[in-house]
Amino acid sequence: MGGRSVLSRLYGDPIEVWIRDDRPAQFVWRDRLYAIRQVQDHWVVAREWWKTSDTDPGERRFWRVEAGATTGVGTYELRFDTASGGWLLLRAWD
Amino acid sequence: MGSFVHLHVASAYSLRYGTAFPPALVARAAAHGMDALALTDRDGLYGVIKHIRACHAEGLAPIAGVDLVLGPRERSRGKGSHGGGSQGDGSPGKDEWRIVVLARADGWGHLCRLVTAAHHVGERGEPYVTREMVAEHARGPSGDARLTVLLGPRSDVGHAAAGQRDDEARTLLAAWRAAVPDVVVEVTDHYGYRDANTAARMIGLADSAGVPAVLTNAVRHLDTTDHQVGNVLDAARRLAPLHVRHLEPSTQAYLKSGEEMGPVAARVCGGDRNRMVRLLAETRHVAERCALDPVEIVPLLSDPPGALHLPEIGGDPVPMLRNRCDDGLRRRGMERSKEARDRLAAELDIIERKRLSGYFVAVAGITDMIRDMGVRCAIRGSGAGSLVTYLTGIGEVNPLEHGLLMERFLSEGRHGLPDIDVDVESARRLDCYRAILGRYGEARVACVSMMETYRARSAIREVGAAMGLPPHEVDAVAKAFPHIRAKQIRAALTDLPELRDSGLNDRSLETVFRLAEKLDGLPRHIALHPCGVLVGNATLRDRTPVERSLLDFPMSQFDKDDVEEAGLLKLDVLGVRMQSAMAHALGEIERVDDLRIELDGVPRDDTDTYDMICSGRTIGCFQIESPGQRELVAKLEPRTMHDLIVDISLFRPGPVNSDMVTPYLEARHGFRRPSYAHEELREPLRETHGVVVFHEQVLKVIDVMTGCGLSEAEKARRALDTPQGREAVRDWFVPLAGERGFDPATVEKAWKILDAFGAFGFCKAHAAAFALPTYQSAWLKRHHAAAFFAGVLTHEPGMYPSRVILDEARRCGVDILALDVNHSGRDWRIEKTGEPLALRVRPGDLEPGGGPATEPDGERDPEIGRGYGLRVPFSAVRGVSEAEVARMVAGQPYTSMADFWERARPSRPVAERIVEVGGLDAMYGLRPGGPRWRPGSLTRRDLIAQVGALDRSSSAGVAARRDATAVQLPMGFTEQVIPGELPEMTEAEVVEAELAVLGMDVSRHVIGFHEELLDAIGVVRSRDLLRQRNGAEILVAGVKVATQTPAVRSGQRVIFLTLDDSTGPIDLTFFESVQAHTAATVFGSWLLVARGVVRRTGARAVSLRALHCWNLVDLDELWRAPEPHGGIAAVRARLDERPGSGGGVGGRRIEYDNGYRLSPYSDIGPTPGVRDAAAFLAHPTEPQRRLWHASSGSSGPTRTRRR
């Protein structure tokens, strides 16, 4: 499985993501456009609803993707929060 | 290719795991257009019958399976042997090693036996299977596959694959294939971290081994939002706090549609379209070969039912039953009665057509056996309506005498199987079970189970623990709630006055309550049903999985409904405490008076007994002792068995709420002429003066009006339960009655009767079966009062705590004899205390011809128990063990304290308690009360000091020798206690000790200590209530005896409170308008003063409408406090306070279609006398420590405040 042993860098930057066929297709991070070539993994984690008073605090959907920009190809972990509707770039192996 | 089929589905019957009930899952599958659905609950087949019935109704093919834990060897094999493995999350717990086993089309019996074997091999509640066990059950006689094994991500194979140990996974898979003919690999993807990767690996493994792979969704929920409940259950199951580390992500584990499963298939196949198609096709194949025939497993789905599974009785059952009935005709002296012969022929005809002769023969054999064991046994329920049960000796109620109909029990049109219920002595119930098991063998007999579900208290406990609250706090919060549904928790906090002011309503508990509500109604525990016993044949274990109950009885995983649907016959053997109480009484009469009484043969028309009942002196009697019943019997004035049958039938929520009682009483006492809708209805309704009371009358009315016959009428009656059913019956009834020539007005009137009372009537056979022990208990009380109370105190059959029974005994003239180490027994015993009065022998002499000092009018207590005493037993002492009691009894008589200590070997606290309540008074001539200091004479406190000395000396080295020979060595020293060194106990201290140690005031009534205050404020005593005029406002006081919140007509929550002031009971009614300022006091105090308005409800019946109440202890404190803050004036001022109009009880009334309304907080539990057997089983010998009865109601505001 791709890149678990390689050191990754943590970011947590808000990004903009375009969706095609229910999956991310490209995103913009630090003013650079990345085209997603392959989804390596996708998983979903429910929020810790018992810590909030919301009846449904939603879930977080993680995508680990191989994406390329003009500078080269790398692996990136994106996170979508269903409650806020926002995307973050969490980690990068590049 | 057909639709997707879910092969791995957990319902709520996967305890602390699943959240949806089988019918809901099936309905959802049907809505998704699926044509089959599996149910594979964890550890058992608890929900399968319901699943199959739901599938049959929705037109789906049912598939049944089970999700079982793997054995210790399978679990260790996969773990860590290859190093590396699953990093991060540690090694998976036992719960994480599981396989799913499905029954193939002809494999139901094999599945049942595998589940039984899994429970047999594991600890109770922790079943598991090994590969060898599965292999043993997986094949039919000719080696054909009967079970399909799904090796999923939780299997040993799956764990190896997830750990990337592919060689090991391959080896394990090969081992499974070698052992079991039908093995498939199961892949699942819940979108968890690496789920899809593991699934892809397993597909690769399956392909390389040439094993089919199937896709499941390992379903736990109906909808994705249910995962929150799932999280709470995860925490509860793992006994861990709610934290991601302990939870199983399950947002995706819901019953997805075929369309939603498409993307899942795509993910696990890595987008390989062909592989996807093959995966789904293989899934479909498994579904097709595992589709079961619903009727084969659930015979009652077809009409007439499929094969029933009757016991083998060694011969052709038809002539056997006929012979027994003919013998019965002769034995009961009915052989010349044409009525009896015709009725018998009709009953046998139906029984034989339904092929049920064997059942009756078997049941008669069992009741014979029970009686031969010397156990009292009585029939209950609709079975009493059958002449066959009377003739075969199963029951003692003659249906012809009371006009009982068999159709209510067994009829041509009745769906389902007849169900014979017998009551036995509660203390011998398990002996009866063992005898039945002994006769038929474990392979043929199993007890029925029942699922206990989450209610308010249990749900709060579960969630409180999951949220990590301290246990004692959780306990206090849970106990503050009455026995209500979990769903009602938050509503109750605002609706009920006693909770509103309790401090529970703050934010910190909000989450606990919100989560607890989510657990509402989910099964949480499987328990032995209180009475059901399955009596089957050698194939029983092919029909039902069997596990062990807590007491090690074989127990079916099916509940009573499922058992019937599965075509298994059961006999209900219910333990009834009153039967034990009466057996005890009869034993005492024989022991002390040398009189053998054949209770079933006692004449059933004894005037003295009915006189006592009519005067409402029924505390202790079966069925008629509650405050409401005491009021009803006093108004109804029963004089015959029939009257008792009517009385019992009327005292139900239905009749009370639809006000059938008043018209009946008016007509009975001649205030109103009975009216009949039509002359032809006179016959069926005459016995109850035109009011429909019994189901049997409903049948007769329907039959008279339509001519449909009683069997058909019974079908219609059953339909009256629901609004839709009533609609349907009306559409059928009205035209048919018209055709029979009844005019429309009559038809309408008759219909109105059916509409109003049809669903409420009571089965007369049932009431008749109850009336017999009711009468018998009253007869015993009237003629052998002391012995009767000994039975009641020993077995506690009723609603009242011991101290109330003791008080009643005292009022009946029975002497209460203190605990005495030389005279007490294990249980309550009677002793002669005076010369037995002549009137004992011939009780008929008592009333009219001037028996001494007895007046039957209830104004003065007829001392029906005079000449006898009740001796407090050792078992009443708090904390005493069975073994201690046995030693104390065996060692009698004792000569000294030291002798008692040495030979009975009580624990120190028990010995101290025995001294405290006077157990050695007689031996040493102690007389507490009077002067406290008595130099030179021994006191109870001196003896308590001696217990300490004895204890110290025995622990100082002599302990080892205590068990050997009774060496007196150190005793000479310790017996040197200086008499009078310590003060004697006062009378108040004595009563206090009695309440603490025995749970009852033996020497004198506890209210006695407050006489002075009560006189000062002018409290009216119970014995003077009858002299109060209607409408008078008075003060009363007493010890709380009972609180009840039953269903009443207005839909209010009404609290009924019974106080006892040593002269008799006082009944008070608290309506909602006063509950705001009284509820907390009513539920939270023991000694009360109340102000109320007198309401005369009959010649001898008085009750009070309560206005206000106070805790007597608080008033007493105030009275004793110095002026001006205390003293009598302050007490009077407190009593004169007029409360403001606070809020009453909230909550939406539950409204029934016929207009009767019910408070959501009414208590509609079982009738008193039918005690919760589960609770009894939990503590079979633990003496009761409650001081009052609280059938419902919260225990009041808790003292634990959260700040």
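Figure 1. P893(B) sits in the loop that runs between helix α41 (882–890) and helix α42 (897–904) of chain B. Keep in mind as you look around that this is a predicted model.

**Figure 2. An arginine with a positive phi, R194(B).** Find the loop between strand β5 (183–187) and helix α8 (195–209) of chain B, and you will find R194(B) there. Its phi is positive, about 70 degrees, although R194(B) is not a glycine.

**Figure 3. Another arginine with a positive phi, R355(B).** This view shows the loop between helix α14 (338–353) and helix α15 (357–372) of chain B, where R355(B) is placed. R355(B), a residue other than glycine, has a positive phi near 55 degrees. As a reminder, most residues other than glycine have a negative phi. With 15 other C-beta atoms within 10 Å, R355(B) is partly exposed.

**Figure 4. A buried alanine in a helix, A162(B).** Here you can see helix α6 (residues 156–162) of chain B, which contains A162(B). Around A162(B) there are 22 other C-beta atoms within 10 Å, so this alanine is buried. Look also for A199(B), which is 37 residues away from A162(B) along the chain. The C-alpha atoms of A162(B) and A199(B) are separated by 8.4 Å.

**Figure 5. Where chain A touches chain B.** The contact brings together 12 residues from chain A and 15 residues from chain B. On the chain A side, strand β3 (residues 32–46) gives the largest share, with 6 residues. Sorted by class, the chain A side has 7 nonpolar, 4 charged and 1 polar residues.

**Figure 6. Stepping back to chain B.** Chain B has 52 helices and 24 strands. Of its 1203 residues, 52% count as buried. Among contacts in chain B between residues at least 6 apart in sequence, 75% join residues at least 24 apart.

How values were computed
Residues are numbered from 1 along each chain as its sequence is written. Chains are lettered from A and ligands numbered from 1 in the order in which they are written. This is a predicted model: local features need pLDDT of at least 70, side-chain atom pairs count only at pLDDT 80 or more; totals for chains, interfaces and linings use all residues. Helices (H or I, at least four residues) and strands (E, at least two) are DSSP runs, numbered from the N terminus. A residue is buried if 20 or more other C-beta atoms lie within 10 Å of its own, exposed if 12 or fewer, and partly exposed in between; C-beta atoms are placed from the backbone. Two residues are in contact if their C-beta atoms, placed from the backbone, lie within 7 Å. Ala, Val, Leu, Ile, Met, Phe, Trp, Tyr, Cys and Pro count as nonpolar, Asp, Glu, Lys and Arg as charged, and the others, Gly among them, as polar.
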